[in-house]
Amino acid sequence: MEAAMDLMRRMPPGRAETALNALLFLIPDHSLDLLSQVDLPLQVCMDKESVKEYILCEYNRDADSYRSPWSNKYDPPLEDGTVPSEEMRNLEVEANDVFSVYRDQYYEGGISSVYIWEDEDESFIACFLIKKDGEGKRGHMQIGSWDAIHVIQVGPEEEGAAHYCLNSTVMLSLTTDNKQSGTFNLSGSIRRQMSMTLAVADGHLVNMGKMIEEMEGKLRNSLDQVYFGKTREMVCTLRPPPEVLNRRLPDS
């Protein structure tokens, strides 16, 4: 299992589903662990009732149906599908509205979904999802995608405070193409965790929003350093820019 997870951490997001299916075939005894721990690129579906798109994941799935955060109904229809309590549903509706504004301000579009459900000991879990695709909108990029998964476990309130544990995963994939560099593909994923104990005077949604905003800033910086920084260093070493080559050439 450890070797399988190590392999999946090094797998490009575009090939993650194929690799996961192969591992499920090779080690079926670890199927539950693999399905619960491996994050795949997010898929999108349309809610026919509200005419809004929502994101599919393991957190809104029951059997082969997926629950929409807009209508709270499953597609395909499922009579005994699990739904949150009235209190959690009200928080979920508010979270989806607020997170849509956050997505528009930070991502200038894309799709977001929030799912909330009860956990043990009067605690609950919230899953915040963002998917942003782009095709040739900026620079030389042909195809690009950003999938962000934030899962927060919120502990029971004690003395006006609650403990929050956030697990975040971001999957990035982009392809560029121009005459000078040719076709270039960069993809990868990064995962981070954060735990905090915060006062609940302003509400759980405010606390969760601040944690996600801080985490996404850290993840963007990490991606810039790990993927773009290292790639730039390698490319400039193997194929120095023209101005560097000109400085190296001896005077004739």
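Me: Is R220 buried, partly exposed or exposed?
Reply: Buried means under 20% relative accessible area, exposed means over 50%, and partly exposed lies in between (1.4 Å probe, protein chains only). R220 has a relative accessible area of 33%, so R220 is partly exposed. This is a predicted model, in which local features need pLDDT of at least 70 and side-chain atom pairs count only at pLDDT 80 or more, while totals for chains, interfaces and linings use all residues. Residues are numbered from 1 along each chain as its sequence is written, and side-chain values use heavy atoms, with hydrogens and water left out.

Me: Which side chain does R220 meet in a salt bridge?
Reply: Side chains of opposite charge can pair when their charged atoms come close. The term salt bridge requires a side-chain nitrogen of Lys or Arg within 4 Å of a carboxyl oxygen of Asp or Glu. R220 meets E216, at 3.7 Å from N to O. The two residues are four apart in helix α5, which means that about one helical turn separates them. E216 counts as buried because its relative accessibility is 1%.

Me: How are helices and strands assigned, and how many does the protein have?
Reply: They are DSSP runs, numbered from the N terminus: H or I over at least four residues for helices, E over at least two for strands. The protein has six helices and ten strands.

Me: What separates E92 and R89 in helix α4?
Reply: About one helical turn, because they are three residues apart in α4.

Me: Which parts does the pair of D147 and K131 tie together?
Reply: D147 is in strand β8 and K131 in strand β7, so the pair joins parts that are 16 residues apart in sequence. The closest N and O atoms of this salt bridge are 3.0 Å apart. D147 is buried at 2% relative accessible area, and K131 is buried at 12%.

Me: How many salt bridges does a search of the whole structure find?
Reply: The search finds ten. E58, R61 and D64 are linked in a salt-bridge network.

Me: Which residues touch the most other members of the largest nonpolar core?
Reply: In soluble globular proteins, nonpolar side chains tend to be buried together. A nonpolar core is a set of buried Ala, Val, Leu, Ile, Met, Phe, Trp, Tyr and Cys residues joined through side-chain atoms within 4.5 Å. The largest one here has 35 residues, and I116, F128, I152, Y164 and M208 touch the most other members. Elements giving two or more residues to this core include α4 (86–107), β7 (124–134) and α5 (204–238). The largest share, eight residues, is from α5.

Me: Which residues does M208 touch?
Reply: Leaving out residues up to four places away in sequence, M208 touches F124, A126, F128, I152, V154 and Y164. Contact here means heavy atoms within 4.5 Å. A second, separate core has 14 residues, among them L42, I111, C127 and L129.

Me: What span should helix α2 have?
Reply: The expected span is 1.5 Å times one less than the number of residues in the helix. Helix α2 (residues 13–26) has 14 residues and should span 20 Å; its end C-alpha atoms are 20 Å apart, which agrees. Its buried residues are P13, A16, A19, L20 and L23.

Me: What share of the protein's 252 residues counts as buried?
Reply: The share is 40%.
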